[in-house]
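Visitor: I would like a close look at one part of this protein. Please take the sheet, and then what surrounds it.

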Amino acid sequence: MSESVGKIHEVVKWPEPVLAKRGEEVTVFDAKLKTLVEEMFESMYAAQGIGLAAPQINISQRITVIDCSFKKNPDDKVVLINPEIIDRRGKQVEEEGCLSLPEIREKVSRAGWVKVRAQDVNGNPIEVEGEELLARAMQHEIDHLDGILFIDRLSRLKRDLVIRKIKKLQKNGEW
Ligand code: NI
């Protein structure tokens with residue numbers, strides 16, 4: 001098997017409007033979609049991330065890729081197309097980051113376990129269950145498909161502080 005190197009897409013940052021939009025449902029499961037999914041993995045690895053949603057590369061569609069092992073375990077590669085959370089249990093509060101919000105890390109409350117119904121690259125229905133980091137990653141990425149960033153899950157005060165920090169970074173040309 002040869003290792004293909006596809007296009008590396010640039011990750012867009014807050015406040016790019018695409019990040020606040022609900023992504024379109026995927027209806028065509030063709031070779032183009034498979035290529036895009038591979039490119040999403042490569043773009044995610046290039047940006048040192050463990051999750052990436054299509055809106056983050058300016059494609060407003062309900063596609064996300066996750067690899068909590070960051071290339072160490074191929075079985076950990078998750079592709080979720082048109083995903084929805086169908087069950088959730090418990091609670092976890094951990095620090096989160098996002099490739100669209102570089103340098104920002106804040107504690108976010110999430111369900112401890114989730115079950116997700118989605119489609120694979122061929123359009124077949126799949127269900128993925130996860131706890132801890134995988135549960136967190138799936139909730140974070142599915143949020144992206146609904147136009148929600150993790151800073152939108154913070155208290156008003158915390159969110160305002162984060163936005164102030166970003167504006168400062170922008171002003172200094174560091175964003
Ligand atoms: Ni993110």
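Guide: What follows goes through the sheet strand by strand, then the helices on it, the metal site and some side-chain pairs. Keep in mind that this is a predicted model.

Start with the strand order. The sheet is open and has five strands, in the order β1-β2-β3-β6-β7. The pairing is antiparallel. At the edges stand β1 (51–53) and β7 (125–131). Each has a single partner strand, so one side of each is left without a neighbour in the sheet. From one strand to the next, the twist averages 40°.

Now walk across the sheet. Three bridges pair β1 with β2, in the antiparallel sense. Look at A53 here: its bridge partner is T64 in β2. Next come β2 and β3, again antiparallel, with five bridges. In this pair, I66 has V78 of β3 as its bridge partner. Then β3 meets β6. Six bridges join these two strands, which run antiparallel. I85 is bridged to V116 in β6. As background, side chains in a regular strand alternate between the two faces of the sheet.

Two helices come next. Helix α1 lies across β1, β2 and β3. Its direction is at about 45° to β2. Helix α2 also packs on the sheet. The strands touched by α2 are β1, β2, β3, β6 (113–119) and β7. The direction of α2 makes about 125° with that of β7.

Which protein atoms hold the nickel ion as donors? They are SG of C98, NE2 of H140 and NE2 of H144. Their distances from the ion run from 2.1 to 2.2 Å. The spacing of these residues in sequence is C-x41-H-x3-H. C98 sits in the loop between β4 (92–96) and β5 (106–110), while H144 belongs to helix α2 (residues 132–145), so this pair ties together parts 46 residues apart in sequence. Both C98 and H144 are buried.

Go back to helix α1 for the aromatic side chains. There are two aromatic pairs in the count. In one of them, the ring centres of Y45 and F70 are 5.3 Å apart and the planes stand at 90°, so the pair is edge-to-face. Y45 comes from helix α1 (residues 31–46), and F70 from the loop between β2 (63–67) and β3 (77–89). The two residues are 25 residues apart, and the pair links distant parts of the chain. Are they buried or exposed? Y45 has 11% relative accessibility and counts as buried. F70, at 23%, counts as partly exposed.

The charged end of R89 is over the ring of W113, 4.1 Å from its centre. The charged end of K13 is over the ring of W175, 5.8 Å from its centre.

D146 is in the loop between α2 and α3 (156–171). Its relative accessible area is 29%, which makes D146 partly exposed. Which residues does D146 contact, leaving aside neighbours within four places in sequence? They are K21, R22 and R62. D146 and R62 are 84 residues apart along the chain, yet their C-alpha atoms are separated by 8.5 Å.

Terms used. Residues are numbered from 1 along each chain as its sequence is written. This is a predicted model: local features need pLDDT of at least 70, side-chain atom pairs count only at pLDDT 80 or more; totals for chains, interfaces and linings use all residues. Side-chain values use heavy atoms; hydrogens and water are left out. Donors are N, O and S atoms within 2.8 Å of the metal (3.2 Å for Na, K and Ca); water is not among the atoms, so sites may look incomplete. Helices (H or I, at least four residues) and strands (E, at least two) are DSSP runs, numbered from the N terminus. Buried means under 20% relative accessible area, exposed over 50%, partly exposed in between (1.4 Å probe, protein chains only). Rings of Phe, Tyr and Trp (its six-membered ring) pair if their centres lie within 6.5 Å; planes under 30 degrees apart count as stacked, over 60 as edge-to-face and the rest as tilted. A charge sits over a ring if NZ of Lys or CZ of Arg is within 6 Å of the ring centre and within 35 degrees of the ring normal. Two strands pair if DSSP finds at least two bridges between them. Axes are lines fitted to C-alpha atoms, for helices over the stretch in contact, and angles run from 0 to 180 degrees between N-to-C directions. Contact means heavy atoms within 4.5 Å.
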